[in-house]
Amino acid sequence: MLIVDKELCIGCGICEDNCAFGAIDVVDGCAVVGDTCTLCGACVDSCEVDALKIEGGEKSVQVDLAAWSGVWVYCEFRGGVLAPVSLELLGVGRKLADARGVKLSAVLIGADTGATAEKLIAYGADIVYRADDQAFTYFTDETYGAVLTDLISQHKPEVVLAGATAIGRSFIPGVANALGAGLTADCTQLDIREEDGALLQTRPAFGGNIMATIVCPSSRPQMSTVRPKVMKELEEDTSRSGAIVEVNLEPAMLESKVRVLESVISEHDDVNIQESDILVGGGRGLDSEKGFELIRELAMHLNGAVSASRAVVDSGWIGYPHQVGQTGKTVAPKLYIACGISGAIQHVAGMQSSETIVAINRDENAPIFDVADFGIVGDLFEILPKLISKIEGHRKS
Ligand SMILES: Cc1cc2nc3c(=O)[nH]c(=O)nc-3n(C[C@H](O)[C@H](O)[C@H](O)COP(=O)(O)OP(=O)(O)OC[C@H]3O[C@@H](n4cnc5c(N)ncnc54)[C@H](O)[C@@H]3O)c2cc1C
């Protein structure tokens, strides 16, 4: 709880100004703390007369940091397929492990994983902990969580990374909770702090308006999830060698209260904008659902897929699987053509890693032009038909 020392407080209001949650008011010359206080500590740091302190909010688990070593990546494997984010995380994991001078390990849980463990080594892992059992044919929080929690407790890695996928988001928080660790979700950048080796976990905060870097200086493991397509995978190197450790599975780890009766492919699974090299994105500038006909036509001519801003998804012009951005998907195609999209920070967060960005917008001051490599200022209803007929003409010739 945040305590105000009334003797020391001079009512200067600096804490009030520094509180991002509007939790402090200065009343009758003294700071008063409201219900919205999150114990973030910003006011304590800003107080020039040391009148504020947090009591009972310190992390209760202080661990022997030296006992925790190594970088781990949970590598998602489902229905016989390794999730691409696993290789992306091995890429950043390798960088972190080298910076710390420690080993990079992968955890592979699934049924009939075949040569996947060898593949993980070729993409950067030094050790693969493989838990291969028919009990893992279908994902359940309990079984996957039990295996990962047990492995982490035994081997004590200092860093654990996982994909912010449906599966990662489902069971990784439970694992962090079982270990008494924190978890930074949806990181966009990971680094090591040189002085003490702490993991610097950067992610958008306050609706994407600021990037916050989070550190866990006194507890281990440091756990983060990362969205697909944010990190880059390494080149495959089949000459790399590593160890594959078969995980000893206790019967209790394979038990779940959940029985999966059937697994069906969602009708939206044919839309995977994260896999396409070319995306044509439509925004509110399309005026209506009908405007997407032009976007689809251009995408078809370019062999690409259709993406969208949240504004048009919310308007029901197109389905959520097409949404790019902070609350949609992160994409990194070779070419992203943004049509009638203003370039709000929450949209840009999901597509700024695209290799080449082309923006079509009638407002020359639209923020999308700040991230675009090529910009066309004009009416998309005039420009897109011309572009489509040019491509058609080019194809024919
Ligand atoms: C917490 C939070 C999360 C969010 N998550 C996302 C997210 O994941 N993805 C996302 O996209 N947004 C997200 N948003 C919403 C975001 O802030 C914007 O509101 C949204 O991206 C705007 O969509 P838009 O660019 O299509 O529409 P607008 O901002 O309305 O822009 C339309 C653009 O079209 C141009 N235009 C109009 N007519 C024409 C024409 N005929 N020819 C050419 N140009 C034309 C206009 O000049 C304008 O720039 C989020 C917001 C919040 C608060």
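Where is the place of Pro221? Select the loop between strand S14 (210-214) and strand S15 (222-226), and Pro221 is there. Strands (E, at least two residues) and helices (H or I, at least four) are DSSP runs, numbered from the N terminus.

The model is a predicted one: local features need pLDDT of at least 70, side-chain atom pairs count only at pLDDT 80 or more, and totals for chains, interfaces and linings use all residues. Residues are numbered from 1 along each chain as its sequence is written.

**Two backbone details**

Stay at Pro221 and display the peptide bond to Arg220: this bond is cis, with omega about 0°. Next, select Lys229, in the loop between S15 and strand S16 (243-246). Lys229 is not a glycine, yet its phi is positive, about 75°.

**Domains**

Colour the chain by domain: domain 1 covers 2-54, domain 2 covers 65-254 and domain 3 covers 278-396. These bounds come from an automatic or database domain assignment. The centres of domain 2 and domain 3, taken over C-alpha atoms, are 33 Å apart. Eight residues of domain 2 are in contact with seven of domain 3, where contact means C-beta atoms, placed from the backbone, within 7 Å. On the domain 2 side, three of these residues are nonpolar, three polar and two charged. Ala, Val, Leu, Ile, Met, Phe, Trp, Tyr, Cys and Pro count as nonpolar, Asp, Glu, Lys and Arg as charged, and the others, Gly among them, as polar.

**Helices H5 and H6**

Select helix H5 (residues 141-155) and helix H6 (residues 166-179). Their axes are 9 Å apart and the packing angle is about 40°. Axes are lines fitted to C-alpha atoms, for helices over the stretch in contact, and angles run from 0 to 180 degrees between N-to-C directions. H5 is therefore oblique to H6; angles under 35 degrees count as roughly parallel, over 145 as roughly antiparallel, 65 to 115 as roughly perpendicular and the rest as oblique. From H5, the residues in the contact include Tyr144, Leu148 and Ile152, and from H6 they include Phe171, Val175 and Leu179. By class, this contact has seven nonpolar, five polar and one charged residues.

**Helices H7 and H11**

Move to helix H7 (residues 292-301) and helix H11 (380-396). Here the angle is about 25° and the axes lie 10 Å apart, so H7 and H11 are roughly parallel to each other. Leu294, Glu297, Leu298 and His301 of H7 meet Leu384, Leu387, Ile388, Ile391 and Glu392 of H11. Six of the residues in this contact are nonpolar, one is polar and two are charged.

**The ligand shell**

Finish at the ligand. Which residues come nearest? Of the 29 residues around the ligand, these are Gly283, Gly285, Arg310, Gly325 and Ser342; a residue is near if its C-beta atom, placed from the backbone, lies within 6 Å. Helix H8 (310-314), helix H9 (345-348), strand S20 (356-361) and H11 each supply at least two shell residues. H8 gives the most, with three. The shell divides into nine nonpolar, 15 polar and five charged residues.

Conventions. Two residues are in contact if their C-beta atoms, placed from the backbone, lie within 7 Å.
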